[in-house]
Amino acid sequence: MTQVIPKVVHYCWFGGKQKPDDVESYIANWKAVLPDYEIREWNESNFDVSAWPYAQQALGAGKFAFVSDVARLYALYTHGGIYLDTDVEVRRSFDDLLDGGTVLGFEEGNYVATSTILAERGDALIGDFLDTYRSRSFLDSEGNADTTTNVDVLTSMLRDAGLKLDGSPQLIQWKGHQVRVLDRVKLSPIDYPNGINHADETTYAIHHFGQSWADRRTKAKAALRRALIGTVGGENVKRLRQLITRLVARNA
């Protein structure tokens, strides 16, 4: 196999705060599983936030995850490599995915994940995705934040290009460049609402949905959900959700 995507792992850490222990443990995991890959951090010192009004507004609002939405694409487009969120665990080497184009994977709900992205330098899809941020503002005239996720934007772009949102592995073309979308098990195997991990021996990476960006209310709700899952189990939570959905539909 000809390596086109460089062995560089990019991650973002904006805001200047000390990394918590869980983030440090994930980075240590990358170094252990990928000993021959360079690990490169992007932050205010090497990413020109002022060149991107969306990112600058998000930084000023303390919404660092949205700053990273721009920075990750800039890093991939200008350098190529692998982007990882700081709550991603790597299970095995990406070596057999480095032969070019863009490599993505489905996540829960048949959305296309942005927690792990592989791309060659100058990739067409990544460039067009990055360009969507040139005309966007994070804050409107009244100071309200646009919290549309990059997952929503990317999934919509690929759906319009012919991707079937059915979770199956697919190969599509974007301006003559290859885009591989892998099944959920490969890059984001956790069923987040129900806390079920579908990882197997084919899994490259696991997105643990750490939600470091979340406010206190969101984190509190996530803690309650984890407590419920820990008490009754993910499969029982899933069945309960399905029952509630049926009851609501019946009474609608």
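The protein chain has eight helices and 12 strands. Helices here are DSSP runs of H or I with at least four residues, strands are runs of E with at least two, and both are numbered from the N terminus. This is a predicted model, in which local features need pLDDT of at least 70 and side-chain atom pairs count only at pLDDT 80 or more, while totals for chains, interfaces and linings use all residues. Residues are numbered from 1 along each chain as its sequence is written, and side-chain values use heavy atoms, with hydrogens and water left out.

Some totals next. Of the 252 residues in the protein chain, 46% are buried. Buried means under 20% relative accessible area, exposed means over 50%, and partly exposed is in between, with a 1.4 Å probe and protein chains only. Take the contacts, meaning heavy atoms within 4.5 Å, between residues at least 6 apart in sequence: 68% of them join residues at least 24 apart.

Now strand β5, residues 102-107. How many of the six residues of β5 are buried? Six of the six are. T102, L104 and F106 are on one side, V103, G105 and E107 on the other, and both faces are covered.

What does β5 pair with? Two strands count as paired if DSSP finds at least two bridges between them. With β9, β5 pairs in the parallel sense over four bridges, and G105 has L182 as its bridge partner there. With β7, β5 runs antiparallel and is joined by two bridges; in β7, L118 is the partner of V103. β5 and β6 form a hairpin with three residues between them, and G109 in the turn has a positive phi of about 85°.

Next, helix α4, residues 124-131. Seven of its eight residues are buried, so α4 is largely enclosed by the rest of the structure. The buried ones are A124, L125, I126, G127, D128, F129 and L130. Which elements do the buried residues of α4 pack against? They pack against α3, β5, β7, α5, β8 and β9. At the start of α4, a side-chain oxygen of D123 comes to within 3.1 Å of the backbone nitrogen of L125.

L125 leads on to the core. A nonpolar core is a set of buried Ala, Val, Leu, Ile, Met, Phe, Trp, Tyr and Cys residues joined through side-chain atoms within 4.5 Å. The largest one has 38 residues, and those with the most contacts inside it are F47, V70, L104, L125, L158 and V179. At least two residues each come from α2, α3, β5, β7, α4, α5, β8 and β9. Helix α3 gives the most, with seven. In soluble globular proteins, nonpolar side chains tend to be buried together.

Look at L104 in particular. Leaving aside neighbours within four places in sequence, L104 has contacts that include V112, I117, L125, L158 and V179. There is also a second, separate core of 23 residues, with I27, L34, L118 and Y204 among them.

Buried, partly exposed or exposed? S156 counts as partly exposed, because its relative accessibility is 25%. S156 and V112 are 44 residues apart along the chain, and their C-alpha atoms are separated by 9.1 Å.

Key. Polar contact = N/O pair within 3.5 Å; in protein donor to acceptor, adjacent residues only side chain to side chain.
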